[in-house]
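Subject: Structure handover

Hello,

Here is the structure for you to look over. My notes follow below it.

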Amino acid sequence: DAHNSSVLNNNVLGAFLQSGRVAGLSRPVEIKFWHDTVLDASNATCVFWQPGAGTDSTGSWSREGCETTHREGTVICHCNHLTYFAVLLIPAVALSPAQLASLTHISTIGCSLSAAAILCTLLLCCFFRYSHAMPCAMPIPFPPHSCRQWPKDNTTRIHMHLLAALLLLDCSFLLSVPLAAGTEGLCQVTAALLHAGLLCALSWMAAEAFHLLLLLVKVYNIYIRRYLLKLCLFAWGLPLLAVVAVLVFKRDTYGYHNISSSEGYRNMTMCWLTSPPAHYATLCYAGLILLFNTVVLGSVVMVLRKIHRQEEQARKDWVTVLVLTCLLGTTWGLAFFSFGIFLIPQLYLFTILNSLQG
């Protein structure tokens, strides 16, 4: 078809009655396709062959009147008519094997470097906190704070929480591919950790934006009781509560996810979301956070334009904007440009920038 899809096991099953055409059944026909392949439920779909209307038209696959049910080792099709049936394996991304391999290497190397850098930063700040040997200056657009002030400094604490969330995201991502070869239960737990890491990282980026907004708008006379605790309840509590609820009540939302290439359907398997509604809900949550963060970043740019128009200061301002772009995670917005001619460039930019965020 147009997506260069594959047919499961190359099997097409036909069912007919000699008495004539059978369609519109109130009780659908059940057709079972057995397989020994790890399938992504969102891409393996029951279809039937619909002949072309004209003499020059060969026809096409159609899903109309068919529903798909997945069980272990079996795809069950419920259709309200008789014709030729098959299970179509639709590639999630039209990538060549070479592109898929290069993106896999880039993301693995980037996440490994990111996790190592985050771990070193966390360990160094903890060491400096207790040793009081030297100032713990952070590369942020705020005045540096010494480690003696660290316990009272919400800005640095928020940075540490964001780094911890990114570390969880990087580590769970690196484990999601090798653990996909293990048991289904282990893969589901890994997918849940990866989902939690993503949601928590996005939430702490929103917390960074909110804190920056407070520093910009209300510099003086601002006090929020148990400020950091409330941020933790939002950025750690809500995502983890949502993931645990899904894991308990809708466990099959997590599992094996196949990343396909243009020349096959089983090129790489990872532990991730298998439910399209959960995927779209995650995208909506990310979209809202990135929209808020982009607005805050725009406010920072407007403030910087009003002050210090000298050339030297302008260069520092651009460095500040670049650092904030990373800190607020606005590069994750590239995920919404994965279509048409933007697909391949977007995938490479998204992979390079976000795997190295830590």
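Start with the helix pair α3 and α5: α3 passes α5 in a left-handed crossing. Bear in mind throughout that this is a predicted model. The axes of α3 and α5 are 10 Å apart, and the packing angle is about 25 degrees. Angles under 35 degrees count as roughly parallel, so α3 and α5 are roughly parallel to each other. By class, their contact holds 17 nonpolar, four polar and no charged residues.

Which residues of α3 meet α5? The α3 side includes Leu 198, Leu 199, Leu 202, Met 205, Phe 210 and Leu 213. His 195 and Ser 203 are also among the α3 residues there. On α5, the partners include Tyr 285, Ile 289, Phe 292, Val 296, Val 300 and Val 303. Thr 282 and Asn 293 of α5 take part as well.

Two other helices pack on α3.

First, α4. Helix α3 covers residues 184-217 and helix α4 covers residues 227-249. Their axes come within 9 Å and cross at roughly 155 degrees. An angle over 145 degrees counts as roughly antiparallel, so that label applies to α3 and α4. The crossing of α3 over α4 is right-handed. Sorted by class, this contact has 19 nonpolar, four polar and no charged residues.

Next, α2, which spans residues 154-176. The axes of α2 and α3 come within 8 Å, again with a crossing angle of roughly 155 degrees. The pair is therefore roughly antiparallel. Here the crossing is left-handed. The contact of α2 with α3 counts 17 nonpolar, nine polar and one charged residues.

Now the loops.

Arg 226 sits in the loop between α3 and α4. Its phi is near 50 degrees, a positive value in a residue other than glycine. Most residues other than glycine have a negative phi. Arg 226 is exposed, at 56% relative accessible area.

Asn 10 also has a positive phi, near 60 degrees. Its place is the loop between β1 (6-7) and β2 (13-14). Is Asn 10 buried or exposed? With 70% relative accessibility, Asn 10 counts as exposed.

Thr 253 lies in the loop between α4 and β9 (254-261). Ser 275 lies in the loop between β10 (264-273) and α5 (276-306). They are 22 residues apart along the chain, yet their C-alpha atoms are separated by 5.2 Å.

Thr 253 has 6%, so Thr 253 is buried. Ser 275 stands at 21%, so Ser 275 counts as partly exposed.

Last, the whole chain. The protein chain has seven helices and 10 strands. Of its 358 residues, 40% are buried. Among contacts with a separation of 6 or more, 69% join residues 24 or more positions apart. The chain exposes about 20200 Å², and carbon and sulfur atoms supply 65% of that area.

Best wishes

Terms used: Residues are numbered from 1 along each chain as its sequence is written. This is a predicted model: local features need pLDDT of at least 70, side-chain atom pairs count only at pLDDT 80 or more; totals for chains, interfaces and linings use all residues. Side-chain values use heavy atoms; hydrogens and water are left out. Helices (H or I, at least four residues) and strands (E, at least two) are DSSP runs, numbered from the N terminus. Buried means under 20% relative accessible area, exposed over 50%, partly exposed in between (1.4 Å probe, protein chains only). Contact means heavy atoms within 4.5 Å. Accessible areas come from the Shrake-Rupley method with a 1.4 Å probe; for residues, only the protein chains shown count as cover. Axes are lines fitted to C-alpha atoms, for helices over the stretch in contact, and angles run from 0 to 180 degrees between N-to-C directions. Angles under 35 degrees count as roughly parallel, over 145 as roughly antiparallel, 65 to 115 as roughly perpendicular and the rest as oblique. A crossing is left-handed if the near helix is turned anticlockwise from the far one by less than a right angle, and right-handed if clockwise. Ala, Val, Leu, Ile, Met, Phe, Trp, Tyr, Cys and Pro count as nonpolar, Asp, Glu, Lys and Arg as charged, and the others, Gly among them, as polar.
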